[in-house]
Amino acid sequence: MEKTTRNIDAFITEAGDYIENRVELFKLKLADKTSDVASTTASGLVVGIMALLFITLISIGLSLWLGELTGKSYYGFLIVGGFYALLAAIIYAGRGKLLKEPVSNIILKSIFK
């Protein structure tokens, strides 16, 4: 009977240690995934800001050049603005395939990596 009691006590102790280790492993995995998602988001944000600055400067230059060609500077800005409006309409029409799915896939890949 005493041997059975010792075995039960040992089992309970080992089960407690196992649960503590599993909780600690879960915490470490969660911290790893969180830091991975945060670093991916931060680097994407920096690249996005740089791309936005690049596109803005190119757009201004193109607008001024087109305005010079047409004789009125605001024509160049209207042409470039119209191009961006058309581009926005195309992206809006295909936003599920062009934006939602790729972004979801990137996030899921990052989480389940």
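**Helices and the nonpolar patch**

The structure described here is a predicted model. The patch lies on the surface and is formed by Phe54, Ile55, Ile58, Phe83, Tyr84, Leu87, Ile91, Leu98 and Leu99. Together these residues have about 830 Å² of accessible area.

Helix α2 gives the largest share of the patch, with 4 residues. Leu98, another member of the patch, is located in helix α3.

**How α1 meets α2**

The axes of α1 and α2 are 6 Å apart, and the two helices pack at an angle of about 130 degrees. The crossing of α1 past α2 is right-handed.

On the α1 side, the contact is made by Ile55, Ser59, Leu62, Ser63, Leu64, Leu66, Gly67 and Thr70. On the α2 side, Ser73, Tyr75, Gly76, Phe77, Ile79, Val80 and Tyr84 take part. Ile55 and Tyr84 belong to this contact and are also listed in the nonpolar patch.

**How α2 meets α3**

The axes of α2 and α3 come within 5 Å of each other and cross at roughly 70 degrees. An angle of 65 to 115 degrees counts as roughly perpendicular, so this description applies to α2 and α3.

Four residues of α2 are involved where the helices meet: Ile90, Ile91, Tyr92 and Ala93. Their partners in α3 are Arg95, Leu98 and Leu99. Ile91, Leu98 and Leu99 take part in this meeting of helices and are also members of the surface patch.

**The salt bridge**

How many salt bridges are found in the whole structure? The search finds 1. The side chains of Glu101 and Lys97 form a salt bridge, with a distance of 3.9 Å from N to O.

Both residues are in helix α3. Because Glu101 and Lys97 are 4 residues apart in this helix, about one helical turn separates them.

Definitions and conventions. Residues numbered from 1 in each chain as written. Predicted model: local features only at pLDDT ≥ 70, side-chain atom pairs only at ≥ 80, totals over all residues. Heavy atoms only, no water. Patch = residues over 30% accessible without salt bridge, like charges linked within 9 Å, V, L, I, M, F, W, Y side chains within 5 Å. Areas by Shrake-Rupley, 256 points an atom, 1.4 Å probe, with all protein chains shown as cover. Salt bridge = Lys/Arg side-chain N within 4 Å of Asp/Glu carboxyl O. Axes fitted to C-alpha atoms, helices over the stretch in contact; angles between N-to-C directions. Left-handed = near helix turned anticlockwise from the far one by under 90°. Contact = heavy atoms within 4.5 Å. Parallel < 35°, antiparallel > 145°, perpendicular 65-115°, else oblique.
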